[in-house]
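Subject: Handing over the model

Hi,

Here is the structure I promised to pass on. Have a look at it first, and then read my notes below.

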Amino acid sequence: MTTATISTTVSKRPRHVARSLLRRPASAAAIGFVALLVFLAIAGPLVSPHDPETQDLGNRFAGLSSTHLLGTDEFGRDVASRIIQATRIAIVAPLIAVGVGLLIGLPLGLWAGLRRGAVDAIAGRLADTILSLPALVGALAIVAVLGPGLVNAMLAVGIIFSPGLFRVVRGATLSVAEETFVDSAEAIGSSTRRTLWVHILPNIAAPLLVQVTILMGVALLAEASLSFIGLGVQPPDASWGSMLKSAYNNQFESPFSVVPSGIAMVLTVLAFNTIGDSIRDAVGLRRRT
Amino acid sequence: MTTGQGQPVGEPLLAVEGLTIDLPGRQPGLVQDVTFEVRKGRAVALIGESGCGKTLTSMAVLGLLPPAVRVSAGAIRFDGVDLLRCSARQLRQIRGGPVGMVFQEPMSSLNPTMTVGDQIAEVRRLHLKERRSVALRQARELLTRVGIPNADRRLRSYPHELSGGMQQRVMIAAAIACEPKLLIADEPTTALDVTIQAEILELLRDLRDSLELAVLLVTHDLGVVADFCDDVVVMYAGHIAERTSVDELFYRPRHPYSSALLASVPQSGRARTKLNVIAGRVPSAGQFPGGCRFEPRCEHSVESVCRLPQADTAVDDGHRTRCGRVASGDLILEGAVRG
Amino acid sequence: MWIEVVGGSRHVPAPGSFVSAHRWTEVTVSARMVLRRLGGGLLVLWLVSILTFLLVQLIPGDPAEVIAGENATVEEVARIRTELGLGQPVLEQYLNWFSGILRGDLGDSLFTNRSVATTIAEAAPPTVVITTMAILVAVVIGVTAGIAAGLTQGSWIDRAVSAAATLGIAMPSFWLAMVLVSVFALTNPWLPATGYVDVRSGFGVWLSHVILPSTALGLATAAELARHTRGCVADVLTRPYVRTARARGASGVWLIRRHILRNAAIPVVTVLGLQTGRLLGGAIVVEAVFGISGLGSLAINSVLQRDYPMIQGYVLFSAVVVVAINLIVDLAYGWINPKVRTA
């Protein structure tokens, strides 16, 4: 499998990449959308039209109106406000998963790519083994050990992400490690740790960033799936996935209720994918296979 | 090997007239105003450095130009039919039927997922509507015909199981499967080892004689031209520089580019103190000089004449040049072979 | 894993076709390849068995107490401990457990006390059917759309397919499932919203229950396949051998079928193999939406009830399926790509 193969040493300057991302309408819109989500996640309570927790049982499943832009849910709560509230989880949950994946995959991948040896052999075998399991099945098994809950679910997703990240990092490191500047750094006595962080990491940033961005979207989908089957977010907290779950429970009464949180999720995943693909194009990496 | 010097009479088998090929919107004149003909049983060489438009010209004959490239003017008449204006159906019947084609790199030009036999049989199935088993039997004959031993077994080989020379034989077998009148060969020996080159050329010569094939041979190799062809069309930067018989070209080149090409070939019998290479590069399309396109690299250039566009002019019976100085008698060039 | 861009087709020998020594070498080579792949697959499965076994060992605290729950009696905890063999040394536990697996004994459920293997076998049919149908949906829609887009690059078809594929990849399958239920079962009562019936109850009824779940599950894979097929077709179109085929007079369906699809099929098959894992995972959630009691709901319930033998059995079963499918893909690969077959 060729996951993002690399022409790393000619990697373009970050500023150049950023400019080319903002110049394209699709990636600029995607970045704008993610920025909006981050803003809502931080400043949500200030801008949300209603209190997301206030129930109004006389006004259940209200349709779209000027007071309730996206209607109300089964407890008469304002859907728009709840979607805004849930952006926090939509940003934080993927960050946890990707962070855990990086915590495991990045150092192992760097080490394995530079030094090969036993670390490479063992970690590689382990990665193959985990990757042979369907991702959601693996995550489910880990949740079974850790117990349900958002953080545990995202830890599990992160662990499932780690072999993929390991492979990307290792592959990129392997090709960078062949460059002469690595040899010369080692020749003047750079420690392994310094070589990895100072000389290699910046040069594998591009493929890593692409992978991380796309995994953000995958993590959001995973969070939604796990929350939907009751292993992720637990009430009274709300994520788009758990909102979909209650929408599903009330689908006969209010078929429309599956739309708002679903659209929010699709747009967010789309935005992450667009950013990832655009970075890949901007730095001239090959497409995923 | 050449079939006499006199100009044959009657309709040519293939007549290319004023062919102009563009990349619309970007590069006009990849090939400009190219005119030549191929008569029955004759072998015509289309020669020039890479990028001169010779391959494009040969591809245009069967309508196989790359997607963005267009023929913007001219006519290509084969057996009286204008291939640029005939229906798609008519063109399909001509491709692989009366006109066979052999390409440069046999490895990538053969379908890796089809057996050699199926690829040859395909031509007969398409054109003669033969059943697969019948066509495969014919393919077996054809393999023997092009000198592949063990034809029964080879029929079921895949291209990657054959050597480059064998692959090119397979290409040729497929090209002649329907007994064409004209064979277009685009650098058929370039990708091969020198010894194999000679064998493939020998095979082509043999087929040419036995099938009375007319051949349009695209090449950059003057040795192949001398060995195989009757007439020659020298192309430079999208133009025809000179058009004549092979003997005339070697004895009396009438364009400085031709004579420079001749001089660049190491000659046996001459002291090899210096290998002449033409200085400079072929200009790329869109950056052609306004006057004679060879002028910047020409050692005989004279500003007053050569900065002007040059016309294609007949200098002798059947000998045309696009050099104004030669046409006016101002410049006399030396042949590679002196009589 | 080898991915080659070129190569690949089906060799269909003519009736009464020749058998020769040449074929023989191919047969032996591919037999060796099969054995090598099989060995690799078994190694992975063995490693999965270790990880699966370690699941119980990794439970924080005393596994038996955690599994039994907070209100459990001492006897119950003791029963679970013996049932899982938790008292013995770890290596001995593993060997006992693993030898059980080799005999097809995956243990018993902690809740129903029924055999895990039997329970999985009973729950598998709906999941297998829906996943298989999802693959069918994915291949039919994805490959067709991808071919159409690849052959008409830059056209409105191409753009529409690309846009739909981008959207399809971003869409969670369970949400798609809900939207499909909304449109085709609730707003318009054309198809049943939930449940699964066996095909023996009648093909029509069966199909009506299967069509929505497998579409919901398969569309994301269809999107992925469409993207890849488009890319492969576009790539094959630039290959010299396609030009050669056209120079022989091939065109239309003949050209597409024999020269373009055969070669484009190879990477597409690989992607399809990689997607089966995703489908198995997606099936968990899609089954939940449609209230189908297959492997997915079994898995969810087992996790919620902390029924570890069941979870272990489910994980192992999934791994076996994925490894088996990859093996089949590898073989199909060798079968359609003559270069691999003899290499």
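What follows is what I found in it, chain by chain and contact by contact.

First, the ground rules. This is a predicted model, in which local features need pLDDT of at least 70 and side-chain atom pairs count only at pLDDT 80 or more, while totals for chains, interfaces and linings use all residues. Residues are numbered from 1 along each chain as its sequence is written, and chains are lettered from A and ligands numbered from 1 in the order in which they are written.

Chain A

Chain A has eleven helices and zero strands; helices (H or I, at least four residues) and strands (E, at least two) are DSSP runs, numbered from the N terminus. Its C-alpha trace spans about 75 × 45 × 30 Å along the principal axes. Of the 289 residues in chain A, 51% are buried, meaning that 20 or more other C-beta atoms, placed from the backbone, lie within 10 Å of the residue's own. Take the contacts in chain A (C-beta atoms, placed from the backbone, within 7 Å) between residues at least 6 apart in sequence: 70% of them join residues at least 24 apart.

Where A meets C

This contact takes 37 residues from chain A and 41 residues from chain C. On the chain A side, α4 (117-131), α5 (135-146), α9 (205-228), α10 (240-249) and α11 (259-283) each supply at least two residues. The most come from α5(A), with eight residues. That side of chain A divides into 25 nonpolar, ten polar and two charged residues. Here Ala, Val, Leu, Ile, Met, Phe, Trp, Tyr, Cys and Pro count as nonpolar, Asp, Glu, Lys and Arg as charged, and the others, Gly among them, as polar.

Where C meets B

Here 28 residues come from chain C and 32 residues from chain B. α9(C) gives the largest share of the chain C side, seven residues. The residues on that side of chain C are nine nonpolar, twelve polar and seven charged.

A helix in chain B

Helix α7 of chain B (residues 164-175) reaches 16 Å from its first C-alpha to its last, close to the 16 Å expected (1.5 Å times one less than its number of residues). Eleven of the twelve residues of α7(B) are buried, so it is largely enclosed by the rest of the structure. What covers them includes β6 (99-102), α4 (116-128), α5 (132-145) and α8 (194-211) of chain B.

Cheers

Technical notes. Contact = placed C-beta atoms within 7 Å.
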